Amino acid sequence: HEADAYRTDLMTITRYVLNEQSRNPEARGDLTILLSHIVLGCKFVASAVNKAGLAKLIGLAGETNVQAKEQKKLDVLSNEVFVKALVSSGRTCVLVSEEDEEATFVEPALRGKYCVCFDPLDGSSNIDCGVSIGTIFGIYMIKDKENVTLEDVLQPGKNMVAAGYCMYGSSCTLVLSTGNGVNGFTLDPSLGEFILTHPDIKIPNKGKIYSVNEGNAKNWDEPTAKFVEKCKFPKDGSSPKSLRYIGSMVADVHRTLLYGGVFLYPADKKSPNGKLRVLYEVFPMSFLMEQAGGQSFTGKQRALDLIPTKIHERSPIFLGSYEDVEEIKGLYAEQA
Ligand code: AHM
Ligand code: MG
């Protein structure tokens, strides 16, 4: 009967965030409004990504492309959409985007109390071949509304009030934490709504997968090399781990969160700080990992304790299942 075919009580992301808000008597709904603008940005990007393969034919916006008219690149377009959505929310004051060299300070009339650091479209090398890409975001609260400075976004990751990512893959999934666990929502294209499909995500304590760009192995430091060797040739009688590497952080982290294991982008001799950016890649993903019961380590310390000094700073990162990251920490401690 009907009940089998249709779920009739849908937990949309807006309903979820409103519920969360009502648990805090001091909340005035600002975060809810901010998140709804982020959700709008994600829906726009999801729709543009779906059309990306057709862009030459119909144009990204869907209109017929006049051949002469140069199409805006998807990452540039996504950035514009997010910046405008965030500014117009009236709830932000500083924005840091991977696409913009400088931070954006919102004009005083539109200012709110949140800072958002984001990568509007991460994994851009995967766009043209139709592989999963994503948006990553982290949200801080400003310290003093009258005196907004860059210091407001140069806070350790543990000060974040919310973080998440949206993956544009075989389905479009938004994973969010407001500091009270991790939940996943899948976009129902017929409704245009994100519906709660992955409540209270917990990462397995130990996993069977490692995820790294092994092409960089020649330049790895000793603990990284030892760890990967142990994944392939375990000495304790356990089975070797499988290797999975997409090269899109959002997709690699999403799989790690759901299936367990570790994702690493370590330091190497050529890039002593690794590749991934602290504010809008390392911090949000580390926040989600910890909220899901996993951990995140830089090779030196808990990733969320790091205090960034520049907005586009990079850091090595090892994140995932608690036990697997514990093993990596052990290898670094041995070397020290
Ligand atoms: P991008 O900002 O140029 O897209 O680079 C970020 C991406 C991440 O999504 C991914 O984890 C990493 O770069 C992959 O790097 P590599 O190609 O060196 O393995
Ligand atoms: Mg990126």
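Which residues in helix H6 (residues 222-232) are buried? I looked this up before anything else.

**Ground rules**

I am working from a predicted model, where local features need pLDDT of at least 70, side-chain atom pairs count only at pLDDT 80 or more, and totals for chains, interfaces and linings use all residues. Residues are numbered from 1 along each chain as its sequence is written, while chains are lettered from A and ligands numbered from 1 in the order in which they are written.

**Entry: H6**

I found Pro-223, Thr-224, Phe-227, Val-228 and Cys-231 buried in H6. Buried is a count: 20 or more other C-beta atoms within 10 Å of the residue's own, against 12 or fewer for exposed and anything in between for partly exposed, with C-beta atoms placed from the backbone. Helices (H or I, at least four residues) and strands (E, at least two) are DSSP runs, numbered from the N terminus.

I then checked what covers the buried residues of H6: the cover includes strand S9 (209-211), strand S11 (262-265) and helix H9 (322-335).

**Entry: H6 against H9**

I took H9 next. The axes of H6 and H9 come within 9 Å and cross at roughly 140°. Axes are lines fitted to C-alpha atoms, for helices over the stretch in contact, and angles run from 0 to 180 degrees between N-to-C directions. H6 and H9 are therefore oblique to each other. For the cut-offs, angles under 35 degrees count as roughly parallel, over 145 as roughly antiparallel, 65 to 115 as roughly perpendicular and the rest as oblique.

The crossing of H6 and H9 is right-handed.

From H6, the contact uses Glu-222, Pro-223, Lys-226 and Phe-227; from H9, it uses Glu-327, Ile-328, Leu-331, Tyr-332 and Gln-335. Contact requires C-beta atoms, placed from the backbone, within 7 Å. By class I get five nonpolar, one polar and three charged residues between H6 and H9. Ala, Val, Leu, Ile, Met, Phe, Trp, Tyr, Cys and Pro count as nonpolar, Asp, Glu, Lys and Arg as charged, and the others, Gly among them, as polar.

**Entry: H3 and its partners**

How far apart are the axes of helix H2 (residues 13-22) and helix H3 (residues 30-51)? They are 10 Å apart, and the helices pack at an angle of about 160°. That makes H2 roughly antiparallel to H3. H2 passes H3 in a right-handed crossing. From H2, I list Ile-13, Thr-14, Val-17, Leu-18 and Gln-21; they meet Leu-31, Thr-32, Leu-35, Ser-36 and Val-39 of H3. This contact has six nonpolar, four polar and no charged residues.

H3 also packs with H5, at an angle of about 160° and with axes 9 Å apart. H3 and H5 are therefore roughly antiparallel to each other. Their crossing is right-handed. The H3 residues here include His-37, Phe-44 and Val-49, and the H5 residues include Leu-74, Leu-77 and Phe-82. The class count for H3 with H5 is eleven nonpolar, four polar and no charged.

I looked up Leu-77 on its own. It sits in helix H5 (residues 74-88). Leu-77 is partly exposed, with 18 other C-beta atoms within 10 Å.

In helix H8 (residues 278-291), 14 of the 14 residues are buried, so H8 is largely enclosed by the rest of the structure. Just after H8, Gly-293 takes a positive phi of about 95°.

Asp-200 is not a glycine, yet it has a positive phi of about 45°. I located Asp-200 in the loop between strand S8 (193-198) and S9. Asp-200 is exposed, with 12 other C-beta atoms within 10 Å.

Technical notes:
A crossing is left-handed if the near helix is turned anticlockwise from the far one by less than a right angle, and right-handed if clockwise. Two residues are in contact if their C-beta atoms, placed from the backbone, lie within 7 Å.
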